[in-house]
Amino acid sequence: METLAAILSGDIIVHCHSYRADEIYMLLNVLRDFGVKKICFQHVNEGFKVAPELAEYGAMASVFADWWAFKFEVYYSTAYNAAILTENGVITSINSDSGELIRHLYHEAAKTQRYGALSDNQALRLITMNPAIQLGIEDRVGSLEVGKDGDIAIFNAHPLSVYAIPQMTIVDGVVRFDRENDLADMRVDIDPENATTSYM
């Protein structure tokens, strides 16, 4: 009951697992009935169908870049989903359930430039400032500003490029990865002539 009270008072942001436009719109109406203002829909495969309604309500959306049709309720979607939501004024982010894709969300965000022609800033906000807003921690992370946590990834090219290679990662102002100087680097040089063991 305390959690419900915090939702009603606006102290907790609702994060709702969702796919279809009808279920998304239904929950908007339920929240409207109870005066709940803070909602972020997760996955939101059919969010593009109700993008104006989401924007009008002030709802947010955290979407896959291009995953769909892997089960019935996500059969219909489009790679333009994130761009349509963004252009309609919905605070949108890119997410992934994949342990592999989550490691390079900058590539996932870049897909919105191919599918939707978003600008560099719009695409980068999908994985920086917008997720911070959706989590209610934009006062600490999401952008480079005085007083915020010093979390930075440095690349050798534009981070939205498939050719960009991470060079350094700084978390809380501490260098956690340095491509040039790390002695305990996890990369393995493979000799194609020799058998290689699995590191799983």
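In the predicted model, an open sheet of three strands is arranged in the order β5-β6-β7 with antiparallel pairing, where two strands pair if DSSP finds at least two bridges between them and strands are DSSP runs (E, at least two residues), helices being runs of H or I of at least four residues, both numbered from the N terminus. Because β5 (152-155) and β7 (174-178) stand at the edges with a single partner strand each, one side of each is left without a neighbour in the sheet. Strand β6 (residues 166-171) and β7 pair in the antiparallel sense over four bridges, and Met168 stands opposite Asp178 in β7. Residues are numbered from 1 along each chain as its sequence is written. Local features of this predicted model need pLDDT of at least 70, side-chain atom pairs count only at pLDDT 80 or more, and totals for chains, interfaces and linings use all residues, while side-chain values use heavy atoms, with hydrogens and water left out.

The structure holds six aromatic pairs (rings of Phe, Tyr and Trp, the last by its six-membered ring, with centres within 6.5 Å; planes under 30 degrees apart count as stacked, over 60 as edge-to-face and the rest as tilted). Among them, Phe48 and Tyr76 form an edge-to-face pair, with ring centres 5.8 Å apart and planes at 70°. Phe48 counts as buried at 16% relative accessibility, whereas Tyr76 is partly exposed at 45% (buried means under 20% relative accessible area, exposed over 50%, partly exposed in between; 1.4 Å probe, protein chains only). The rings of Tyr106 and Phe155 are likewise edge-to-face, with centres 4.9 Å apart and planes at 70°; because Tyr106 lies in helix α5 (residues 105-114) and Phe155 in strand β5, this pair ties together parts that are 49 residues apart in sequence.
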